[in-house]
Amino acid sequence: LKILNIHQFFTRIYGYEDLVNQKKSLIKVAKEFETNTRYILAIDDKPNLYDECNRVIPIKPWFIGNTNDNQLLEIKKVLQTI
């Protein structure tokens with residue numbers, strides 16, 4: 001997200017260090033921000049790692065220089081219109 005310069009659209013970026021029992025959980029995020037999970041969406045290349053995978057926008061793994069995958073670039077376009 002930082003490489004694509006869209007990190008400013010996100011309140012916080014979570015990674016593998018935030019796993020709980022081998023899973024990511026939006027409940028943990030909701031508690032941290034004192035809000036309901038319905039207000040939280042995740043973008044991840046491994047949505048199956050979430051307890052709430054229905055709240056995850058799945059993307060392909062993105063690697064620096066991968067010009068064949070434009071999913072994150074499309075998300076960037078949408079975010080820039082908000």
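Modeller: Helices are DSSP runs of H or I with at least four residues, strands are runs of E with at least two, and both are numbered from the N terminus. This is a predicted model, so local features need pLDDT of at least 70 and side-chain atom pairs count only at pLDDT 80 or more, while totals for chains, interfaces and linings use all residues. Residues are numbered from 1 along each chain as its sequence is written, and side-chain values use heavy atoms, with hydrogens and water left out.

Biologist: What do those runs give for the chain, and what comes just after α1?

Modeller: Two helices and two strands, in the order α-β-β-α from the N terminus. Just after α1 sits Glu 34, with a positive phi of about 55°.

Biologist: Why is Phe 33 called partly exposed?

Modeller: Buried means under 20% relative accessible area, exposed means over 50%, and partly exposed is in between (1.4 Å probe, protein chains only). Phe 33 has 36%, so partly exposed is the label. Phe 33 lies in helix α1.

Biologist: Which residues does Phe 33 touch, leaving aside its neighbours within four places in sequence?

Modeller: Thr 11, Arg 12 and Tyr 14, where contact means heavy atoms within 4.5 Å.

Biologist: What makes a set of residues a nonpolar core?

Modeller: The members must be buried Ala, Val, Leu, Ile, Met, Phe, Trp, Tyr or Cys, joined through side-chain atoms within 4.5 Å. The largest core here has seven: Leu 26, Val 29, Ala 30, Ile 40, Ala 42, Tyr 50 and Val 56. Helix α1 (residues 26–33) supplies the largest share, three residues. Apart from this core lies another of six residues, among them Ile 6, Ile 59, Leu 72 and Ile 75.

Biologist: What does Val 56 touch, again leaving aside neighbours within four places?

Modeller: Ala 42, Asp 44, Pro 47 and Tyr 50.

Biologist: How much of the whole chain counts as buried?

Modeller: Of its 82 residues, 26%.
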